[in-house]
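Hello,

Here is the structure for you to take over. Please have a look at it first, then read the notes below.

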There are 2 protein chains.
Amino acid sequence: MNFPSKLIEDAVTEISRLPGIGKKTALRLALHLLKQNEAVTEALALAITRMRKEISYCQTCHNISDQEVCSICQSHRRDRSIICVVEDIRDVLAIENTNQFSGLYHVLGGVISPIQGIGPDDLKIESLIFRIGTGEAKEVILALSATMEGDTTSFYLSKRLKDSGVKVSTIARGIPVGGELEFTDEVTLGRSILTRINYSQD
Amino acid sequence: MNFPSKLIEDAVTEISRLPGIGKKTALRLALHLLKQNEAVTEALALAITRMRKEISYCQTCHNISDQEVCSICQSHRRDRSIICVVEDIRDVLAIENTNQFSGLYHVLGGVISPIQGIGPDDLKIESLIFRIGTGEAKEVILALSATMEGDTTSFYLSKRLKDSGVKVSTIARGIPVGGELEFTDEVTLGRSILTRINYSQD
């Protein structure tokens with residue numbers, strides 16, 4: 001595209017660096033901002049700059065937090081014997097929304113991915129080991145994505161935690177609630193049979 | 001969503017004001033920015049703020065331009081007898097990409113839309129009338145969207161230009177090149193028969 005203005009070209013270039021936003025969408029967003037009040041653009045620019053500069057992370061669980069220790073780690077209502085290991089803050093939000101978990105979290109900041117050059121040292125794994133060695137945790141739930149990278153990370157963590165004395169579990173993989181059997185892929189269906197739940201034993 | 005940080009909540013709120021971006025996508029974009037170098041966020045913030053503050057428009061055609069008169073209006077290679085009327089800069093870019101038009105443009109800045117409260121006075125219509133009254137234009141091509149609003153604007157403009165002495169035309173509506181007849185909607189197909197092109201007369 002040949003832009004008639006360097007200013008709009010720069011804005012489109014910068015906006016299209018965002019994931020999932022191409023040049024056309026970037027131009028649409030730029031034109032939208034041009035039509036709005038100047039305050040809208042300023043508020044957006046300020047919000048993202050402040051967020052990037054001033055954001056801090058919980059010293060314990062590495063979740064995003066405005067304080068040194070996040071509200072979940074501070075809360076007296078949470079069960080300190082269970083730590084749920086997740087990839088990033090989105091997973092924390094998703095699990096919190098289920099209202100099914102009252103333990104603590106540990107945010108790894110990613111998963112092991114050789115292709116993207118992310119190894120165990122790039123993640124908050126040592127701090128998890130340290131936390132388990134010194135804390136009150138009795139169980140660690142690995143709540144990572146059911147992808148190759150997620151499974152690799154789960155496997156690595158379960159090996160690292162084997163001798164720590166805590167119970168290590170992973171969230172169940174199976175057919176989604178509301179999902180029909182005939183439309184479920186073979187791997188998921190096979191796994192759901194292998195890891196079936198015994199009604200009679202609870 | 002209950003965000004653990006006011007900073008990220010503000011950023012998500014501001015990003016999700018953009019058209020087509022909901023809270024979930026906004027959070028994904030915010031987390032992406034957090035993982036990038038600080039310079040990436042600063043460049044984005046600066047580019048959109050500068051664009052909004054410093055952008056200027058061509059005095060003649062109202063297209064976005066860094067100069068008082070845009071490069072198209074300045075060019076000696078363009079045919080000054082034809083003016084193509086479009087809604088916004090995206091349409092200028094799209095038509096320029098076809099390499100089929102060598103005349104000048106006139107950017108209205110929108111279309112007449114009573115629902116959105118946009119009337120003829122909100123668009124650059126008077127300046128188009130003035131431009132035609134004083135310039136070298138012999139033909140005006142109305143290249144507006146084939147929507148209710150676009151058609152209303154075309155109809156309004158054709159009435160306003162009736163006594164100006166210039167030829168007024170509109171871009172053809174019909175089945176798209178590569179489109180199959182059976183999948184074309186009835187209105188388009190009907191219109192394409194009514195406005196058929198006579199091969200024998202050229």
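**The interface between the chains**

Chain A and chain B bury about 5100 Å² between them, and 73% of that is on carbon and sulfur atoms. Buried area here is the accessible area (1.4 Å probe) that two parts lose on being put together, summed over both. The size of an interface is often given in this way, as the accessible area lost when the parts come together.

Some ground rules before the rest. This is a predicted model, where local features need pLDDT of at least 70, side-chain atom pairs count only at pLDDT 80 or more, and totals for chains, interfaces and linings use all residues. Residues are numbered from 1 along each chain as its sequence is written, chains are lettered from A and ligands numbered from 1 in the order in which they are written, and side-chain values use heavy atoms, with hydrogens and water left out.

Back to the interface. Chain A puts 53 residues into the contact, and chain B puts in 53 residues. Contact means heavy atoms within 4.5 Å. Two salt bridges are counted between chain A and chain B. A salt bridge needs a side-chain nitrogen of Lys or Arg within 4 Å of a carboxyl oxygen of Asp or Glu. One links B:K53 to A:E42, with the closest N and O atoms 3.2 Å apart.

On chain A, the side that touches chain B draws at least two residues from each of α1 (6-15), α2 (23-35), α3 (38-54), β2 (64-65) and α5 (89-98). Helices (H or I, at least four residues) and strands (E, at least two) are DSSP runs, numbered from the N terminus. α3(A) gives the most to that side, with 15 residues. By class, the side has 28 nonpolar, ten polar and 15 charged residues. Ala, Val, Leu, Ile, Met, Phe, Trp, Tyr, Cys and Pro count as nonpolar, Asp, Glu, Lys and Arg as charged, and the others, Gly among them, as polar.

**A helix pair across the interface**

α2(A) packs against α5(B) at an angle of about 145°, their axes 10 Å apart. Axes are lines fitted to C-alpha atoms, for helices over the stretch in contact, and angles run from 0 to 180 degrees between N-to-C directions. From α2(A), A:L27, A:R28 and A:L31 meet B:I89, B:R90 and B:L93 of α5(B). That contact divides into four nonpolar, no polar and two charged residues.

**The sheets**

In chain A, four strands make an open sheet with parallel pairing, in the order β4-β3-β5-β6. β4 (103-107) and β6 (167-170) of chain A each have a single partner strand, so one side of each lacks a neighbour in the sheet. The twist averages 25° from one strand to the next. Strands pair if DSSP finds at least two bridges between them. Four bridges join β5 (residues 139-142) of chain A to β6(A). A:L142 has A:T170 as its bridge partner in β6(A). α5(A) lies across β3 (79-86) and β4 of chain A, at about 160° to β4(A).

In chain B, the open sheet has four strands in the order β4-β3-β5-β6, paired in parallel. Helix α6 (residues 125-134) of chain B lies across β3, β4 and β5 of chain B, at about 150° to β4(B).

Best regards
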